[in-house]
Amino acid sequence: MAGLREYLPAAVALVFGVCWAGALMAWPRDGQPMAALFLPAANGGVAFARVVNAGADAILGFGVLPGIVVAQSEQPGFSDRLYGNGALIVVRAPAQSDCMR
């Protein structure tokens, strides 16, 4: 048991580092494509309207689930406006992906 305790700080640091790196890679940036996840009860039309209302310059696609919209805007603060229009999660997204329809 003493051997496992010796590795615990290194394991915690490894898990924290991987989570931190993942969060930084997914952090939305102005001018980049963003995927916005709305409530599962929201259909595609409602999610689309909310993204357009947030000021999207372009709708790049829809997710497999109806509440996911991938959009892009050159206006600063687009991710904040998405949250203000009901998005639960906003992450940086590729312009094209296999998880979009």
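A nonpolar core is a set of buried Ala, Val, Leu, Ile, Met, Phe, Trp, Tyr and Cys residues joined through side-chain atoms within 4.5 Å, where buried means under 20% relative accessible area, with a 1.4 Å probe and protein chains only. This is a predicted model, in which local features need pLDDT of at least 70 and side-chain atom pairs count only at pLDDT 80 or more, while totals for chains, interfaces and linings use all residues. Residues are numbered from 1 along each chain as its sequence is written, and side-chain values use heavy atoms, with hydrogens and water left out.

The largest nonpolar core has 12 residues, including Met34, Phe38, Ala47, Val69 and Leu82. At least two residues of this core come from each of β1 (34–37), α2 (44–53), β3 (68–72) and α3. Ala47, leaving aside its neighbours within four places in sequence, is in contact (heavy atoms within 4.5 Å) with Phe38, Pro66, Gly67 and Val69.

Turning to the whole protein, the secondary structure comes to three helices and four strands, which run α-β-α-β-β-α-β from the N terminus on; helices (H or I, at least four residues) and strands (E, at least two) are DSSP runs, numbered from the N terminus. Buried residues make up 28% of the 101 residues.

How confident is the predictor in the protein, as given by the mean pLDDT? On pLDDT, the predictor's confidence in each residue from 0 to 100, the protein has a mean of 81, and 84% of its residues reach 70 or more.

Notes
Buried < 20%, exposed > 50% of the residue type's maximum accessible area, 1.4 Å probe, protein only.
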